[in-house]
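Please examine the sequence and the model shown below.

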Number of protein chains: 2
Amino acid sequence: MATPARFDIVAIGNAIVDVIARADDALIEAEAMVKGSMRLIDAAEATRLYDAMGPGVEMSGGSAANTLAGMAALGRRCAFIGQVADDQLGQVFTHDLTSLGVAFGTPPLAGGDPTARCLIFVTPDGQRTMNTFLGASQNLGLASLDPELIGDADILYLEGYLWNADASRAAMADAIRLARAAGRRVAFTLSDSFVIAAHRDDFDRMIAAREIDILFANEAELLELAQEQDFDAALARVAGGVPLLVVTRSEKGAVAVTGGERTTVAAEPIDHVVDTTGAGDLFAAGFLSGLAEGRALADCLTMGAVCAREIIAQVGPRAQTDLRTLVAARLG
Amino acid sequence: MATPARFDIVAIGNAIVDVIARADDALIEAEAMVKGSMRLIDAAEATRLYDAMGPGVEMSGGSAANTLAGMAALGRRCAFIGQVADDQLGQVFTHDLTSLGVAFGTPPLAGGDPTARCLIFVTPDGQRTMNTFLGASQNLGLASLDPELIGDADILYLEGYLWNADASRAAMADAIRLARAAGRRVAFTLSDSFVIAAHRDDFDRMIAAREIDILFANEAELLELAQEQDFDAALARVAGGVPLLVVTRSEKGAVAVTGGERTTVAAEPIDHVVDTTGAGDLFAAGFLSGLAEGRALADCLTMGAVCAREIIAQVGPRAQTDLRTLVAARLG
């Protein structure tokens with residue numbers, strides 16, 4: 001039995017500043033990007049692509065960090081572990097997270113790679129296509145983990161993107177071990193279909209070893225992980241391996257499966273999708289906040305849907321409105 | 001008689017990256033800020049105030065640079081002179097301006113002050129209160145000026161904020177001399193009431209010496225410059241000293257005075273003011289673009305009003321919509 005924890009959640013993720021610019025479909029095609037997905041780029045490609053990009057807006061991002069920003073706005077006690085460099089973008093990232101009340105003390109790395117950035121092209125349909133230069137964040141290693149902190153949070157939340165770099169991937173086994181040793185739950189978001197394709201064996205092993213208590217996926221990721229083409233079959237297969245499975249389905253809503261039972265909610269209505277950046281991250285924020293508050297699964301799903309709806313009605317992955325008021329208006 | 005110029009305009013201004021965050025009125029009061037105005041802060045105060053600030057969005061700014069961004073979006077040929085440092089924010093500023101097609105070649109300064117930033121607090125009424133750390137931009141001096149470039153633009157556009165630092169203030173006399181020698185016109189925006197109060201003698205002298213062909217002011221700045229309390233009296237007094245005076249009056253519209261004749265337009269209708277940052281800058285962009293296109297003054301004013309309306313309906317001082325389409329829809 002675990003002792004009461006100081007934090008509702010500690011998340012480990014890539015510490016990234018987003019550079020967001022509008023783009024037309026022709027540019028996505030000319031650059032051979034896969035619309036709606038994320039790809040990794042090196043420093044030279046980041047420079048070339050930035051030159052080809054229109055004027056941008058910079059905003060702190062990173063999948064797991066976005067989720068924490070949402071949870072902190074909803075009043076949860078949050079801590080983050082991630083690697084920035086000792087540079088201006090690192091200061092921006094740190095400021096934005098800590099100003100929300102998220103505990104963040106991973107020491108910045110000096111003299112190496114600059115802070116990670118993600119060049120995000122938003123097309124007129126609101127879809128976002130991401131190009132990530134991992135920079136300092138790929139150096140998140142065992143030394144960056146804070147064992148005491150991991151032991152002192154009810155949930156350890158990990159993003160699949162961490163599997164993209166050797167150091168961070170290797171460190172995650174230790175993070176899970178530390179959480180387990182403290183009797184904490186482990187939540188995991190699959191992040192991206194390409195990540196699953198590249199690290200399927202590892203993910204399958206983690207699930208088989210019961211290392212994951214709560215698994216987040218969108219529809220494409222679920223199908224990729226299950227290697228199925230039928231949604232229901234994929235849902236049944238993956239749900240068999242995790243105590244709680246949460247799947248987001250864009251305009252089709254979301255579903256949670258636990259103990260063989262499905263709970264579904266519809267998507268929240270929206271007039272116009274501005275920018276889908278952060279939709280999944282904020283869904284997780286709403287869902288996990290509901291869970292921390294001891295709410296029923298249907299309400300947790302609704303909280304996720306309310307937060308996701310809000311984030312796709314604005315530019316960028318961090319909410320510029322008061323999420324708590326929105327949730328209260330919807331659920332009380 | 002001047003030879004045909006390569007650029008419609010060359011602007012000199014502070015090269016600044018804005019950090020924009022929402023704030024309530026209590027914070028403005030607690031920090032003893034004057035709502036709606038700009039004040040200068042040093043490096044230590046910039047750090048302290050940033051710590052007190054909520055999560056931000058970073059976007060390139062600077063008054064004259066914002067005007068050029070708008071003019072470039074409207075299809076004008078623009079060049080900028082301003083001082084950034086050799087750092088990440090300097091790269092962001094340079095990228096955002098050049099990606100719009102604005103020529104910008106002032107070499108960055110290495111090893112000194114970092115790139116300027118402006119901490120902008122946006123209150124629920126949409127008003128913006130600015131705290132500027134001048135950083136590298138205060139080192140804009142004579143050596144940063146490009147005489148050939150200044151001689152090769154129809155209009156030299158200067159912002160009053162340049163008078164805030166000794167080096168940039170001193171350099172402006174040379175900039176005006178260079179433009180005059182090439183037979184070009186000089187446009188000047190007063191920027192801020194505090195700037196006028198501090199440098200009234202210099203501005204009076206410039207006007208008396210007929211160094212300014214086009215003068216931009218808002219209502220408060222006009223009253224401050226004229227040292228009058230009555231708008232009409234102030235307008236008449238200042239208009240007597242400049243060939244073309246353009247005054248913006250927020251929701252009361254705008255007026256241009258030339259040869260003793262007044263032309264007025266109403267403000268463009270708007271449902272909800274989101275953020276007034278850049279309103280005056282974008283008004284100047286629309287007006288000067290109209291002038292460059294050889295339009296009548298009434299149409300120039302309307303172009304200014306259309307651009308100003310667009311910028312206060314969004315967050316930040318750089319338009320995220322297609323200004324050219326908006327102007328075409330309004331004026332053809």
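**Strand pairing, helix packing and the chain contact**

In chain A, strand β2 (residues 16–22) and strand β4 (residues 57–60) pair in the antiparallel sense over four bridges. Here helices (H or I, at least four residues) and strands (E, at least two) are DSSP runs, numbered from the N terminus, and two strands pair if DSSP finds at least two bridges between them. The model is a predicted one, in which local features need pLDDT of at least 70 and side-chain atom pairs count only at pLDDT 80 or more, while totals for chains, interfaces and linings use all residues. Residues are numbered from 1 along each chain as its sequence is written, and chains are lettered from A and ligands numbered from 1 in the order in which they are written.

Within the antiparallel pairing of β2(A) and β4(A), Asp18(A) stands opposite Met59(A). β2(A) also pairs with strand β7 (residues 116–122) of chain A, in the parallel sense and over seven bridges; there Ile16(A) faces Ala116(A). Six of the seven residues of β2(A) are buried, that is, 20 or more other C-beta atoms, placed from the backbone, lie within 10 Å of their own.

Chain A also holds an open sheet of nine strands with mixed pairing, in the order β6-β5-β1-β9-β10-β11-β12-β13-β14. β6 (103–104) and β14 (261–265) of chain A stand at its edges with a single partner strand each, so one side of each has no neighbour in the sheet. Inside this order, β9 (residues 153–159) and β10 (residues 185–189) of chain A pair in the parallel sense over five bridges, and Leu158(A) stands opposite Phe188(A). Helix α10 (residues 279–292) of chain A packs on the sheet, touching β1, β9, β10, β11, β12 and β13 of chain A; its direction makes about 145° with that of β12(A).

α10(A) packs in turn with helix α11 (residues 297–312) of chain A, at an angle of about 150° and with the axes 7 Å apart. Axes are lines fitted to C-alpha atoms, for helices over the stretch in contact, and angles run from 0 to 180 degrees between N-to-C directions. By class, the contact of these helices has 16 nonpolar, four polar and one charged residues.

Finally, the contact between the chains takes 21 residues from chain B and 21 residues from chain A, with residues in contact if their C-beta atoms, placed from the backbone, lie within 7 Å. On the side of chain B, the largest share, five residues, comes from α4(B).

Terms used
A residue is buried if 20 or more other C-beta atoms lie within 10 Å of its own, exposed if 12 or fewer, and partly exposed in between; C-beta atoms are placed from the backbone. Two residues are in contact if their C-beta atoms, placed from the backbone, lie within 7 Å. Ala, Val, Leu, Ile, Met, Phe, Trp, Tyr, Cys and Pro count as nonpolar, Asp, Glu, Lys and Arg as charged, and the others, Gly among them, as polar.
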